[in-house]
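Below is a short briefing on one protein model, grouped by topic.

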Amino acid sequence: MRAVDSVSVVCAGLGLTPEDVGRLGAVFGKSADYAGGTVSPLLCHMLDTAAVAELLFDHYLAPTQCDLLDSLSGGQGRRFLAWLCGVHDIGKATPAFQRIDGASLQALRRAGLSWPVSVTAETTRRWRHDLAGGKILHTVLPAAAWTPEHVDWVWPLAAGHHGTFPNAGVFVSRDALGMGHGHRSAVWADTQRQLLEVFTAAVGYGDLKSVCPTARPSRSQQLGLSGIVVMADWIASDETHFEGLGSLDAVSMAKSRSRASKSWTELRLDGGWKRMPVPSDEDVWTHVEVRTPRASQAMVLRAAREMAAPGLLILEAPMGEGKTKGGLGALEILAARWGASGAFIGMPTQATSDPMYSHVRRWMARFQPGSEDTAVLLHGKRAFNREWRALTSPTAPDPDAKFRSVDAGQDPADGDCRECHGPAQWLLGPKRGLLGHSVVGTIDQLLHAATRTRHVMLRALGLAGKVVLLDEVHAADVYMSQFLLEGLRWLGQARVPVILMSATLPPAQRQALASAYMAGALNEPDHTADLPEPAGYPCVTTACAQDNRPVYRAYEAKTWRDDIPVRIAHLPEPPPKKQAEDRYYEQPVEALLSEELADGGVALIIRNTVTRAQRTYRHLRHIYGPDVRILHGQLTTADRAKRTETLLSRLGPGQTDRGLLIVIATQVAEQSFDIDADLLITDLAPIDLLLQRIGRLHRHQGTQRPARLTAPQVFVTGYTSADDGAAPRFEYAAEQYIYGRYPLLRTATLLHAATQWNIPSSIPTLVAEGYDRRSASSWPHQTETALQEWDTKKRERQENADRYVLTRSGEWGSRTLAGLHYAATRTTDEEQLSALVRDGEDSIEAILLIRDGDQYTTLAGVLLGPGGAVDDDQLESVTGCLLRLPTKLTEYAVPLAPLPTWRGHSLLKHMRVLTLNPDLAASLGPYEITYDREFGLTAAPISAKQWDSPHARRNFVEYQ
């Protein structure tokens, strides 16, 4: 039977009677309300979805995904995908679904399809058409001579196309619901079987038996295939291009292909890189803008070329070594070798994602000119990124306006793309960001793909055809690591190449990451990787599965510059003292700077909390005036961006006019902050983070420094050492809330006898000792007690994460997707998902605006419209006022809401507003909030007496 024939011709070719054809035509797939005003037969939507799947195969899927489909189907991957996607809605051919549209009731009855009065709204709710579809395939395919092995992995693709995968046990408890049991059950069963047979013939198969796969994909590959089914369904639900056809006579595969083609042209879904030759090293260096590659950069390219199969590549190199360019070069080689169509590049924070997005777009412009505008920036506040906004329009219509029958979640936070420019509009809807071929975002996006959330298959699809690169991978804490390890298992099983980069990766963490990836690649849940220990630093370790055997290799290279001896000294922290003035705490720092900066120079002071940073700044500002700068997380986005840009321009590579400058910062200076300091004063932190901070010291060659600062010096503070040899006392917040006592004791041990570290060669040894619980401690008893407390908290955090990771404990060896969502979480929006994969206290972002009477003004002095209305010219000033509030304010900030005039604004409708009086102050719960353009946000407690005063409450009501 030719695939272009109309459905009526196909029915005749299969020997169906007019009565049979009448029943097939009466079963609707979309009601008139959801099909442009005309009811649409179920076969119409099935063929539309199949036609979209063909276009996905031809123009969207990565070569590696097409190869997988061919391997499953004896070389018929395109046709097989069309069939998989088209059968997703077969469950609509049940009384439980057909009863929902009263307008079609008479047509169904005339065709001989009816149901008993027991089929009610409750039946419809319990026997949804996705579940019913799984049941029908579970029943019909074995009768068509499909083997149980393939029936078992195919039926969940239909049963899970609305976002969650049920267990097969649901069919037992609900077998009698909605299937029309009784005197008409045989008619319904025949109709369901005939629908499948007609659809199968229409897409070009001889019969249902001939569709049976020749191989079974891994569970991870099944999840990616499920994502294709969902994607095809959502696209085929476009009311504009896939309107109802009314009659079965008008339905054909040719018609569906024509409709799909028109829709595809409008969607502009980019096809990514497709098949490409493996680039030469010379081409790679041109693309990443490296004139003379360093030995470590050449090493990572060699490792990428020598990998025996798609696998894991771990690049460890010092801060400032050029890991990013080396990693992008390796990514390009792996993509060409293994048929990937793009990349996901994950960064630790939104602040580090934005500059990486700019970097990647420049690389893409050299790599594939014109492709850079299709790159997607993916994090919760991308709408406030100027480069991203230049590619998108905040005033365009909702991307889902034409897809009302799609269960696509919440409204997107972004608008349409400008016509024929920027990423495709469809990708801006919720849950779809990873479906872009080149994506830069926070590591959270990959962690979300390892959560048991609805439509997780779309995230799996978004990663399936890419090379994944994760930077600063050491930054994942105990809780986040559970999702990272789970994600690596699924990526390994899907044979997705992964690049991990870090300057300070503990050996145990390296082993855990490789073990997780290889457990997936080898389908061995308890696999422990036998990685060779790198003999040098920088180094690369690779792991892959060749012929189902593990292959591990290690590479070493010489760093691009010789070791720098860094002097290490302890700057004692004054013991806590009630009502002490700033000078009491800051006098040691003041005295040190007075001596070390006598001839000028640049000092970087890193504090563990904003409060400590502000206190240091407040004190030193009185002494050094404008030569003191502060940078932390409680500045508005505009103030922080401007301050960062100023510091980078003054202290970046090649800068000579540095003068005297004292920079006070929090952890924002730990990573992806390319400044060069002559002197470092830092609070104590775990050893890997402490080394990251040292990476800002004497970072660039050729920098002119004062004579007394030509040798790098680090002064570590934030703790006090007892004279009697007792364990040190740490700054309270660092010990209790940020890092924990055990890792601080381990670092203090390394500092206790140290006077000098050789950077970078000492880094691997220091990190290994800092995280090796067998290493000697200067305070063994206290360290052992702290370790026990640490392990207890670690187990608690792991157990908390286990409630949300994608695979239930003990079920990693499962071969199908059945039961994957045994307890699915309903979390959907970006803020909720980020809280799910990060175990910190909840915090809230708000836009700070000044209110004076009825007028609203931004902190930059831009007067807004009536009621705070915002036009396009004012938008950047408004978004520049965004700030993440301290966690202690969270419970009081929850009631904050957008201004009423923002309800229809695509970017601002979900943004909370904290209004300040003209003095830039406000009351929020029991706190007095103030914002200073230089100092940042402060939140001082209001005494109970003050809070109970009428003035305080009136102030809160008036300005909120």
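The largest nonpolar core has 196 residues, and those with the most contacts inside it are Trp 83, Leu 223, Met 231, Leu 269, Ile 345 and Leu 484. A nonpolar core here is a set of buried Ala, Val, Leu, Ile, Met, Phe, Trp, Tyr and Cys residues joined through side-chain atoms within 4.5 Å. Helix H3 (residues 42-59) gives the most to this core, with twelve residues. This is a predicted model, in which local features need pLDDT of at least 70 and side-chain atom pairs count only at pLDDT 80 or more, while totals for chains, interfaces and linings use all residues. Residues are numbered from 1 along each chain as its sequence is written, and side-chain values use heavy atoms, with hydrogens and water left out.

**Cores**
- A second, separate core of 88 residues includes Val 566, Ala 669, Ala 677 and Ile 763.
- Ile 345 touches Leu 328, Leu 331, Met 356, Val 360, Val 439, Val 440, Gly 441 and Leu 469, residues up to four places away in sequence not being counted; contact means heavy atoms within 4.5 Å.

**Backbone exceptions**
- Most residues other than glycine have a negative phi, and most peptide bonds are trans.
- Tyr 537 and Pro 538 are joined by a cis peptide bond with omega about 10 degrees; Pro 538 sits in the loop between helix H23 (507-521) and strand S9 (539-546).
- Helices (H or I, at least four residues) and strands (E, at least two) are DSSP runs, numbered from the N terminus.
- Another cis peptide bond joins Ile 759 and Pro 760, with omega about 20 degrees, and Pro 760 is in the loop between strand S19 (756-759) and helix H30 (763-771).
- His 455, in the loop between helix H20 (444-448) and helix H21 (456-464), has a positive phi near 60 degrees.
- His 455 counts as buried because its relative accessibility is 1%; buried means under 20% relative accessible area, exposed over 50%, and partly exposed in between (1.4 Å probe, protein chains only).
- Glu 472 also has a positive phi, about 50 degrees, and belongs to the loop between strand S7 (466-470) and helix H22 (478-493).
- With 9% relative accessibility, Glu 472 counts as buried.

**Pro 166**
- Pro 166 lies in the loop between helix H10 (148-159) and helix H11 (169-173) and is buried, at a relative accessible area of 13%.
- Beyond its neighbours within four places in sequence, Pro 166 is in contact with Leu 131, Trp 155, Ala 159, Ala 818 and Gly 819.
- From C-alpha to C-alpha, Pro 166 and Leu 470 are 32 Å apart in space, and they are 304 residues apart in sequence.
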